[in-house]
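Student: Could we go through this structure together, beginning with the terms and then the fold?

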Amino acid sequence: MTTPDFLPAAAPVARLIQELHKLPGIGSKTAQRLTYYLVRMPAEEAHTLAQAIVAVKERIILCSQCQNLTEQDPCPLCTDPARDRSIICVLEEPLDVLALERTHCYKGLYHVLHGVISPMNGIGAEELKVRELLARLKDEAVQEIVLATNPNLEGEATAMYIQGLVAPFVPRVTRLARGLPVGGDLEYADQVTLTRAFQGRQTL
Amino acid sequence: MSRPRTYTTEAIVLRASPMGEADRLLTLLTPAYGKLQATARGVRKTTSKLGGHLDLLTRSSLTLSHGQSLDTVTSAEALETFQALKSSLPTLSKAIYLAELADAFHPLESPGPAAYALLLEALRALETPADAALDLRYCELHFLGSAGFLPELGSCTQCQETLLPGHHYLSPAGGGVLCPACKASYADSAPISVDALKVLRYLSMNSLATALRVKVRQPLHRELAAHMSNLLRYTLEREMRSGAFLRAIAQHWPQEESAALTPT
């Protein structure tokens, strides 16, 4: 990528544009627009934003157990006595924890891998928090691992890989069901989803 | 007359990376247009009607609309999803390796019916359980060939003499085999056994189906893998990224892999 030329802007402005341009999904035009918005913003709001960014970098750590982002170690989810410690749900990203917590249907523990096996990008199991998961299995009396990686090729490959590694230590390894999304349309479903939905049909 | 706004093609999805809020940037291999990059909007949402048709290593019938820099997938229907090969890690790791080969050796927007046919045939071969030990070597050799880098295997690349029985050397920098007299011309020349040379010649001249019937013993298989790996590294100027995963799976799932390598 070529570095856009921000020379006409004053040095601090050009620097902010360049910093914002590094963020995912922010092109040079968006970076310029955001910068000029920030310049016109009340100083107090700008400080709050800057402090929030600094706080995230300074105070957020990874939970030594579930590897989720947290302010205290172990994180509140791992220390909550109400949660079922015999079941661990394995997820790709911290955002997936939020998605599952919103459902209020799962009361077990989590384990965040921080990525997915992506051989073509050179990302293997060593780059993920797989070793940490295996270490947890040796310490805790876990009865079930739920593999909740995304239902795409890389997610499936990661699930198969982890299944092979954890199977000797856990009585039950499960995978989230694949099927039709709520609000979807049957005629637009692809063959794989429909096949899986059919295979996983349930008695009413 | 202005060109139509959309076009249809079938394609195999080679790469997919997240883009923006819920989009994906796809690298597609097509028979008529070669390798394309295109965006697929909203496919990471669970309600996306395109998502399931555009997973990696899926052959789909696509409609794309021309964009300023990138084309956009507007409709997709999966034709082959290769579920059998995706349900086992050893075959899946091979398929991912093949996709990286196709991606690495095919330039953007240059028609490639041969590369497309080769990838499709190799993926279909992976679908049927067989002890196909040489499928990857065959594809490596032919993808090299499709990009114009097929190594010379018949005569010495330096003195052009036909090779006589005896000791030979393979040099990636020299572009093929060297006779003992010329081996010093290239620093990277490595000894190649007569059997390995014969197998490579056989692979380069035959169809995949014929090549898959060749059975080789473990030491010869390792020699072939090492030579092809050297050729790929020299030509691509990098390691194959999915090679590490391929080797890790071969170690973790030894029973299936060793069955594939057992000499008959």
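Tutor: Let us begin with contact: two residues are in contact if their C-beta atoms, placed from the backbone, lie within 7 Å. Among contacts in chain B between residues at least 6 apart in sequence, those joining residues at least 24 apart account for 57%.

Student: What should I know about the model and its numbering?

Tutor: The model is predicted, with local features requiring pLDDT of at least 70 and side-chain atom pairs counting only at pLDDT 80 or more, while totals for chains, interfaces and linings use all residues. Residues are numbered from 1 along each chain as its sequence is written, and chains are lettered from A and ligands numbered from 1 in the order in which they are written.

Student: Which domains does chain B have?

Tutor: Chain B is assigned domain 1 (6-81) and domain 2 (84-261); such bounds come from an automatic or database domain assignment. The C-alpha centres of domain 1 and domain 2 of chain B are 29 Å apart. Their contact involves 15 residues from domain 1 of chain B and 18 residues from domain 2 of chain B.

Student: How are the strands arranged in the barrel?

Tutor: Five strands of chain B form a closed barrel in the order E1-E2-E3-E5-E4, with mixed pairing. Neighbouring strands of this sheet are turned by 50° against each other on average, direction ignored. Two strands pair if DSSP finds at least two bridges between them; E1(B) and E2(B) pair in the antiparallel sense over seven bridges. B:Val13 stands opposite B:Leu28 in E2(B).

Student: And which helix lies across E1, E2 and E4?

Tutor: In chain B, helix H3 (residues 113-127) lies across E1, E2 and strand E4 (59-65), at about 105° to E2(B). Axes are lines fitted to C-alpha atoms, for helices over the stretch in contact, with angles from 0 to 180 degrees between N-to-C directions.

Student: How many helices and strands are in chain B?

Tutor: Chain B has nine helices and eight strands. Its C-alpha atoms fill a box of roughly 60 × 50 × 30 Å along the principal axes.

Methods: Helix = DSSP H or I, 4+ residues; strand = E, 2+ residues; numbered from the N terminus.
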